[in-house]
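Subject: A structure for you to explore

Hello,

I am passing on a structure that I have been looking through. Please open it beside this email and follow along.

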Amino acid sequence: MELPGDTDAGLELRRFTWEEIGERNGRGQGPKERWLVIERKVYDITGFCRRHPGGARLICSHAGQDATDAFVAFHVDKALVSKYLKPLQIGELAPDQPSIEPTKNKMLVKDFRELRATVEKMGLLEPNQLFFFLLLTHILLLDTAAWLILFYFGTSLMPFVGSLVVLTISQVQASWLQHDLGHLSVFRATKWNHLLHKFVMCHLIGASAKWWTLLHSQHHAKPNCFQKDPDIDMHPFLFTLGKKLSVELGIKKKKYMPYNHQHKYFFITLPPLLFPTYFHYHTFYIAYTKRYWMDLAWMMTFYIRFFFIYGSLLEIKSLVAYYFIFSSWFVWVSQMNHIPMDIYYDKNLDWMSTQLQATCNVEQSLFNDWFTGHLNFQIEHHLFPTMPRHNYWKVAPLVKSLCAKHGIEYQCKPLLTAFADIVHSLKNSGDLWLDAYLHK
């Protein structure tokens, strides 16, 4: 497979070993350069990383490593990317160096790349735009219905509850649709994904589209890898996560919170408060500091519309109730696939192993698909992040077969079990921390 970055014929290339590349990860006492490998070609991203459209943290998460499968997974328009890659190439792997790093499963890498080629031939990366049009239509209809209920039936208890439920459903479903748009899986043309992403994320939800993409891409690159995945940045200041990290924290005698009770205070912190507190603060902070002026302008249209429509009918405390319900729904769904899984430092595993150790699925049903925005197929989504969600069920049997062939656990559980496992994993890691804190 030829990827962008080929040098002109006859140009002498420097040859590198994996050891030399591994030292250029930008960390520790070694050289401060950052190199990475794509299809045996070596690129120096030291000066480019801060100009990387996906953010410095995303591309630097693969510094000193092979990034071939991550590159293929994230980039839809290879021709566009070639403009950035070609000037960065400084050489290639020496002829005696294997194409796959020693930490990675060579046969699994080969089989997964064959699976991706099959997926492309089957057309599973092509979106059904009618599917997404109907999704957007039902979101807009629910959003309108929430206001009409109050307008025609008043603001007594029953109409208020009905309106609140309808509005919450509309907003949560909009958050799943913006997720599709952020992954470039709704339109074939990238620009249309970006444009509608701003409408849904900024105007319908009130958050920055660029802020979401910046953080979420990092999560996909290295899920559950401490210091590389921003979704687990709550360790150790709010929760202690993962078995090994919890023991490590206890041995160091670190205690920012009473972690042995975290499975209890989880209910009054993350589900009700994540969106109305941290997300709102952080989205505005990032949008302002990074000068996402277009996003900020779109976001203001949400607040003007929201408070003009509902502010004239309801008190502020009634509006706050919506945020608590929305936040709770969002947190339970977004955390069920990752928090109970392995959380540790980056082990530089192959793409499939990296995703499978950090993700699990929830059983398929019409309700689960709708309720979770198809994030019940988290494994397939992580393996193929640009795949339209309506095709996850089609690729799932192929992924299961590949997992069985290589002895990789493919976890799939009932929805309520997935929710309960969040609490169970927090209790387990809190107990491990306490034992290490007191006795090691």
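This is a predicted model: local features need pLDDT of at least 70, side-chain atom pairs count only at pLDDT 80 or more; totals for chains, interfaces and linings use all residues.

Let us begin with the strands. Four of them make an open sheet, in the order β1-β4-β3-β2 and with mixed pairing. β1 (14–16) and β2 (35–38) are the edge strands, and each has a single partner, so one side of each has no neighbour in the sheet. On average, neighbouring strands are turned by 40° against each other, if direction is ignored.

As background, strands in a sheet pair through backbone hydrogen bonds, and the pairing can be parallel or antiparallel. Here, β2 and β3 (residues 41–44) run antiparallel and are joined by four bridges. You can find W35 opposite D44 of β3, and V37 opposite V42 of β3. The two strands form a hairpin with two residues between them, and E39 in that turn has a positive phi of about 50°.

On to the next pair: β3 and β4 (residues 89–93) are also antiparallel, with three bridges between them. K41 has E92 in β4 as its bridge partner.

Which way do the side chains of β2 point? W35 and V37 point one way, L36 and I38 point the other way, and all are buried.

**A buried helix**

Next, have a look at α7 (residues 157–182). This helix has 26 residues and spans 37 Å from its first C-alpha to its last, close to the 38 Å expected at 1.5 Å a residue. Of its 26 residues, 21 are buried, so α7 is largely enclosed by the rest of the structure. Just after the helix comes L184, with a positive phi of about 60°.

On the α11 side, the contact is made by H280, T283, F284, A287 and Y288, and on the α12 side by W293, L296, M299 and Y303. Sorted by class, that contact has seven nonpolar residues, two polar ones and no charged ones.

Finally, is N376 buried or exposed? This residue lies in the loop between α15 (366–372) and α16 (378–383). Its relative accessible area is 0%, and buried means under 20%, so N376 counts as buried. Apart from neighbours within four places in sequence, N376 is in contact with M336, N361, V362, E363, Q364, N368 and D369.

Enjoy exploring, and do write back with any questions.

Best wishes

Technical notes:
Residues are numbered from 1 along each chain as its sequence is written. Side-chain values use heavy atoms; hydrogens and water are left out. Contact means heavy atoms within 4.5 Å. Ala, Val, Leu, Ile, Met, Phe, Trp, Tyr, Cys and Pro count as nonpolar, Asp, Glu, Lys and Arg as charged, and the others, Gly among them, as polar. Two strands pair if DSSP finds at least two bridges between them. Axes are lines fitted to C-alpha atoms, for helices over the stretch in contact, and angles run from 0 to 180 degrees between N-to-C directions. The expected span of a helix is 1.5 Å times one less than its number of residues. Buried means under 20% relative accessible area, exposed over 50%, partly exposed in between (1.4 Å probe, protein chains only).
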